Amino acid sequence: MKFFIDTANLEQIREAHDLGVLDGVTTNPSLMAKEGIKGIKNQQKHYVEICNIVQADVSAEVIATDYEGMIREGMELAALNPHIVVKVPCIADGIKAIHYFSEKGIRTNCTLVFSVGQALLAAKAGATYVSPFVGRLDDICEDGVALVAAIVRMYRFYDYKTQVLAASIRHTKHIIECVDAGADVATCPLSAIKGLLNHPLTDSGLQKFLEDYKKVNG
Ligand code: E4P
C-alpha cells in the first residue's frame, strides 16, 4: 500500500519524506489555508516546493466548480510540475472534467467521495485516484472503512484501473483497517503514520538488549 501524507505543511512533508516511506502528498483548500498560503501565485509556488521535496504524486485541488473553470485551473496546475495530480470534486462538472483530463493524459484524484456510485462514475470517467473520506463518514456514524472495502471490491470485479486512495484518515487504526480493506493508498496525517511504529514490546525489548549489551561490554 502506498503512503501519502495529508498536509500542506512543508516541515511535516520533509519529516515524512526523510523516513523514506512516503509515496506522495495530498492537499486541499482547507490544508492550504491552514498554512496561511494566500493567492494563486503563492499557492502554485507552494505546490512546486512540495513536488521538489517529494518527487512523487502531489494532489492539488481546483477551486472552480464549473467545467470550464476546472479545466482552466487543472491545466495550469498540471503544467506546474509533472508530479501534480489534479484534484477534482465528485460533482457532475467534476466527472466531465476528469474525463477531459483523462483523454489528455493528465492524472486526477476524484475527491469528496462518499458512495460506491460516486466511485463508479469516477472510474468510468478515467480518474487515476478516487478518494473516499473515511473519517468524515465515521463522524456521522457511517462506516468509512466499509466504503473503502466496497469500492475496492467493485474496482477489482470490473477491473477498473482507478486506485482507491483512502482519505480523511484520522488515526493509526484507520490505516491498518484500510490495509485490510485492500486500499491502494492511504493519505494520512504525520501523527497517524508515526503511530504505526509504536509498540511497547519494541521499546521494552530494545531497552533489555541495550542493558544486556552494557552488562558485558560496559
Ligand atoms: C485528502 O485528500 C482529503 O482532502 C482529506 O483527507 C480530508 O481530511 P479531513 O476529513 O480530516 O479534513
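1. How many nonpolar, polar and charged residues does the lining of the largest pocket have? In this predicted model, the lining of the largest pocket divides by class into 7 nonpolar, 12 polar and 6 charged residues.

2. The volume of the largest pocket is about 380 Å³, and 25 residues line it, with Asp6, Asn28, Leu31, Ser168 and Ile169 lying nearest its centre. Two or more residues of this lining come from each of helix 2 (29-34), strand 5 (108-113) and helix 10 (190-195), and helix 2 gives the largest share, namely 3 residues.

3. Where does the ligand sit? The ligand is placed in the largest pocket, and the residues around the ligand are Asp6, Thr26, Asn28, Lys87, Phe133, Arg136, Ala167, Ser168 and Arg170. By class, the shell around the ligand consists of 2 nonpolar, 3 polar and 4 charged residues.

4. In the case of arginine 170, a polar side-chain atom lies 3.0 Å from an oxygen atom of the ligand. As for the surface of the ligand, the ligand taken alone exposes 350 Å², of which the protein buries 85%.

5. The second largest pocket holds about 260 Å³ of space, and of the 14 residues that line it, Ile40, Gln43, Glu61, Ile63 and Glu73 are the closest to its centre. Which elements each supply at least two residues of the lining of this second largest pocket? They are helix 2, helix 3 (40-54) and helix 4 (67-80), and helix 2 is also one of the elements that give two or more residues to the lining of the largest pocket.

6. The make-up of the second lining can be set beside that described in the opening point. The lining of the second largest pocket comprises 8 nonpolar, 2 polar and 4 charged residues, whereas the lining of the largest pocket has 7 nonpolar, 12 polar and 6 charged residues.

Conventions. Residues are numbered from 1 along each chain as its sequence is written. This is a predicted model: local features need pLDDT of at least 70, side-chain atom pairs count only at pLDDT 80 or more; totals for chains, interfaces and linings use all residues. Side-chain values use heavy atoms; hydrogens and water are left out. On a 1 Å grid over the protein atoms alone, a cavity is a set of points where a 1.4 Å probe fits but cannot get out, and a pocket is an open set with protein on both sides within 12 Å along at least five of seven lines; lining residues have an atom within 4 Å of a point. Grid points are joined across faces, edges and corners, and a volume is the space filled by probe spheres set on the points. Helices (H or I, at least four residues) and strands (E, at least two) are DSSP runs, numbered from the N terminus. Ala, Val, Leu, Ile, Met, Phe, Trp, Tyr, Cys and Pro count as nonpolar, Asp, Glu, Lys and Arg as charged, and the others, Gly among them, as polar. A residue is near a molecule or strand if one of its heavy atoms lies within 4 Å of it. A polar contact is a pair of N or O atoms within 3.5 Å; within protein, one must be able to donate a hydrogen and the other to accept it, and residues adjacent in sequence count only if both atoms are side-chain atoms. Accessible areas come from the Shrake-Rupley method with a 1.4 Å probe; for residues, only the protein chains shown count as cover. A molecule sits in a cavity or pocket if more than half of its atoms lie within 2 Å of its grid points.
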